[in-house]
Amino acid sequence: MADKKGLHRKNKHKNGYNFKLLKEKYPKIEEFVTEKFEKETIDFSDPIAVKEFNKALLVAHYNIKHWNFSDDNLCPPIPGRVDYIHHLADLVADEENVKVLDIGTGASCIYPLLGIAEYDWNFVATDIDLDSLDYAQDIIDDNGFTDKVELRQQFKEEHILEGIIEADDAFTVTMCNPPFYKSAEEARGANRRKSRNLGNNAVRNFAGNSNELWYIGGEKAFLHTYLYESSKFPKVSKWFTSLVSKKENVESLQNSGKKLGVKEFKVIPMHQGNKVTRIVCWRF
């Protein structure tokens with residue numbers, strides 16, 4: 001459960017950041033710390049500073065000491081990512097030996113790292129990009145999580161679950177952070193707008209390779225493919241879930257779910273500052 005218009009009550013970052021602790025646990029962050037309105041912060045328009053800041057959070061709060069991947073890949077913000085994990089923990093609170101399928105884990109492998117650190121869950125994590133999986137495997141190995149995470153490559157970009165699910169798979173919950181955009185052009189336009197809003201023209205502020213940022217048809221098409229393919233494997237996971245950035249996609253997904261035999265559909269709101277998103281959850 002989240003605080004009203006805030007992060008989940010179990011989120012270690014819900015009351016801000018302890019820069020004294022961050023500098024103690026990850027001294028490299030000190031060179032990026034500045035003062036604004038008499039408070040310590042970093043320049044969130046600087047992609048290098050943002051990446052080092054998130055590394056500091058992982059070391060200080062989750063004991064994850066190795067997190068290296070290309071600057072061309074997305075650098076996920078830890079507070080929002082761990083919020084998804086905490087909400088899933090509420091959803092599966094009565095389950096034991098939780099096993100999670102993470103769709104599109106990316107080079108950062110962030111959800112498995114946080115799920116292991118906070119709840120000792122086991123993961124199967126998928127991605128379509130082999131370079132991203134190589135980075136993810138190095139991160140898993142370097143942090144001693146080889147027995148906790150299995151990586152699988154999706155070879156067909158039109159599929160999400162098909163080609164990934166194996167005969168003996170049984171998951172407690174499936175999670176996904178889908179691409180937002182319909183095309184590379186739309187993603188680049190959003191990148192430029194965000195850069196301008198932060199007063200910075202750096203192209204890499206919001207890095208990400210193609211499969212991380214866009215999917216033909218955008219978020220709506222991705223979600224409907226995911227929903228349809230989940231109906232073909234209804235018993236492989238007790239819950240199917242996804243982040244949904246656009247509110248209008250929720251009703252469309254719910255209506256399609258009824259036609260496909262979804263028995264229960266939940267929407268969990270998430271808040272981080274002024275940003276509002278939600279997790280949609282369904283089961284058959």
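In this predicted model, seven strands form an open sheet with mixed pairing, in the order β5-β4-β3-β6-β7-β9-β8. The edges are held by β5 and by β8 (264-272), each of which pairs on one side only. From one strand to the next, the twist averages 20°. The protein as a whole has nine helices and nine strands. Of its 284 residues, 52% count as buried. Among contacts between residues at least 6 apart in sequence, 69% join residues at least 24 apart.

Strand β3 (residues 99-103) runs parallel to β4, and five bridges join the two. Within this pairing, V100 has F123 of β4 as its bridge partner. β3 also runs parallel to β6, to which four bridges join it; here I103 is partnered with C176 of β6. β6 in turn is joined by three bridges to β7, again in parallel, and V173 has W239 of β7 as its bridge partner. β6 is mostly covered, with six of its six residues buried.

Helix α3 (residues 78-91) lies across β4, β6 (171-176), β7 (237-244), β8 and β9 (275-283), and runs at about 145° to β8. Helix α5 packs on the sheet as well, where it touches β4 and β5, and its direction makes about 170° with that of β5.

R81 is a residue of helix α3. The relative accessibility of R81 is 16%, so this residue counts as buried, the cut-off being under 20%. Leaving aside neighbours within four places in sequence, R81 is in contact with P76, I110, Y111, L114 and N177. One of these, I110, is 29 residues from R81 along the chain, and the C-alpha atoms of the two are separated by 7.5 Å.

Helix α5 spans residues 130-142. Its 13 residues, at 1.5 Å a residue, should span 18 Å, and the C-alpha atoms at its ends are 18 Å apart, which agrees. At the N-terminal end, D129 caps the helix: a side-chain oxygen of D129 lies 3.4 Å from the backbone nitrogen of D131. Just after the helix, G144 takes a positive phi of about 75°.

Which residues of α5 are buried? They are S132, L133, A136, I139 and I140. These residues cover an arc of only 120° around the axis, and therefore lie on the same side of α5. The buried residues of α5 pack against α4 (110-119), β4 (122-127) and β5 (149-153).

Not counting residues up to four places away in sequence, R152 touches V124, A125, T126, D127, L133, I164, I165, E166 and D169. L133, named here, is also one of the buried residues of α5. Two polar contacts of R152 can be described. The side chain of R152 reaches the backbone oxygen of I164 at 2.9 Å, and a polar contact of 2.8 Å joins the side chains of R152 and D169. R152 and G104 are 48 residues apart in sequence, with 9.9 Å between their C-alpha atoms.

Most residues other than glycine have a negative phi. N97, which is not a glycine, has a positive phi of about 50°. N97 lies in the loop between α3 and β3. C109 is likewise not a glycine and has a positive phi of about 50°; its place is in the loop between β3 and α4. Is each of these residues buried or exposed? N97 is exposed, with a relative accessible area of 72%, whereas C109 is buried, with a relative accessible area of 0%.

Technical notes:
Residues are numbered from 1 along each chain as its sequence is written. This is a predicted model: local features need pLDDT of at least 70, side-chain atom pairs count only at pLDDT 80 or more; totals for chains, interfaces and linings use all residues. Side-chain values use heavy atoms; hydrogens and water are left out. The expected span of a helix is 1.5 Å times one less than its number of residues. Buried means under 20% relative accessible area, exposed over 50%, partly exposed in between (1.4 Å probe, protein chains only). The arc is that of the directions from the helix axis to the C-beta atoms. Contact means heavy atoms within 4.5 Å. A polar contact is a pair of N or O atoms within 3.5 Å; within protein, one must be able to donate a hydrogen and the other to accept it, and residues adjacent in sequence count only if both atoms are side-chain atoms. Two strands pair if DSSP finds at least two bridges between them. Axes are lines fitted to C-alpha atoms, for helices over the stretch in contact, and angles run from 0 to 180 degrees between N-to-C directions.
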